[in-house]
Amino acid sequence: DILELSRLEQPRIALSPKLVDVNLLIKDTVELFEPLAKDKHLSLIYQTKISHELMLDDTTIKTILNNLVSNAIKYSNSGVVSIKAYNDDQNLTIKVQDEGIGISKSDIPLIFDRFFQVDRSRSKKLGTGLGLSIVKRMVELNNGTIEVESDPGIGSVFSITLPIL
C-alpha cells in the first residue's frame with residue numbers, strides 16, 4: 001500500500017483510458033470478495049444500470065472498487081454490502097454501502113489521511129490505514145469526486161463519481 005501510494009504521488013502518473021465493461025468489473029469484484037463476505041455472514045450484492053462500455057481507466061476503477069468493498073466487509077459484522085453503479089452521458093457513479101460500524105461525523109474528514117483507522121482497537125489485524133488514501137488519490141487522478149455518508153452503528157455509503165473520458 002505504501003509503494004502504491006508513493007507511485008500515485010509521482011507527477012507523471014498517466015491514466016490509460018480504454019473501453020471498460022463496468023458491469024463485468026463489478027461482477028469480478030463481487031466474485032473476488034464473496035468468500036470473505038460469506039466468512040463474516042454478510043450478503044454481497046450488486047446492481048448496475050450501465051448498458052454499454054465506458055471510456056475509463058480500468059486499473060484505477062478496479063483498485064477503487066477493491067478497496068471500498070474490502071473496507072465495507074472489514075468493518076461489518078452482519079447485514080448487506082451493496083455496490084450500485086450507473087452512468088449518464090458524462091459520469092460514472094459507483095456507490096458502496098455497508099451496514100457496518102459506521103464512522104463518526106468528527107472522523108469523516110480524517111478517513112482519507114494516511115494511516116488513519118476508524119476503529120483503532122482492531123487496527124493490528126485490519127490493515128495499513130492507507131486504502132482510503134489510495135482511493136482518494138485515484139479518484140483525484142480521474143478528476144472525480146468522493147463523498148461519504150455515515151452513521152455510527154448503522155453503516156456507511158461511499159459515493160464515487162468519475163468523468164467518462
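## Who D98 touches

Skipping its neighbours within four places in sequence, D98 is in contact with A72, S76, V80, V81, I154, G155 and S156. Keep in mind that this is a predicted model.

Where does D98 sit? You'll find D98 in the loop between β5 (91-97) and α4 (123-126). Is D98 buried or exposed? Its relative accessibility is 8%, and buried means under 20%, so D98 counts as buried. The side chain of D98 also reaches the backbone nitrogen of G100, at 2.8 Å.

## The strands around β7

One of the D98 contacts, G155, leads us to strand β7, which covers residues 155-163. This strand is mostly covered, with 7 of its 9 residues buried.

β7 pairs with β5 in the antiparallel sense, over 7 bridges. I94 has I160 in β7 as its bridge partner. β7 also runs antiparallel to β6 (residues 145-151), and 7 bridges join these two strands. Here E149 has V157 in β7 as its bridge partner.

How many residues lie between β6 and β7 in their hairpin? There are 3, and G153 in the turn has a positive phi of about 80 degrees.

## Stepping back

Now for the whole protein. It has 5 helices and 7 strands, and along the sequence they follow the pattern α-β-α-β-β-α-β-β-α-α-β-β. Of the 165 residues, 45% count as buried.

If you take contacts between residues at least 6 apart in sequence, 70% join residues at least 24 apart.

Technical notes:
Residues numbered from 1 in each chain as written. Heavy atoms only, no water. Helix = DSSP H or I, 4+ residues; strand = E, 2+ residues; numbered from the N terminus. Buried < 20%, exposed > 50% of the residue type's maximum accessible area, 1.4 Å probe, protein only. Contact = heavy atoms within 4.5 Å. Polar contact = N/O pair within 3.5 Å; in protein donor to acceptor, adjacent residues only side chain to side chain. Pairing = 2+ DSSP bridges.
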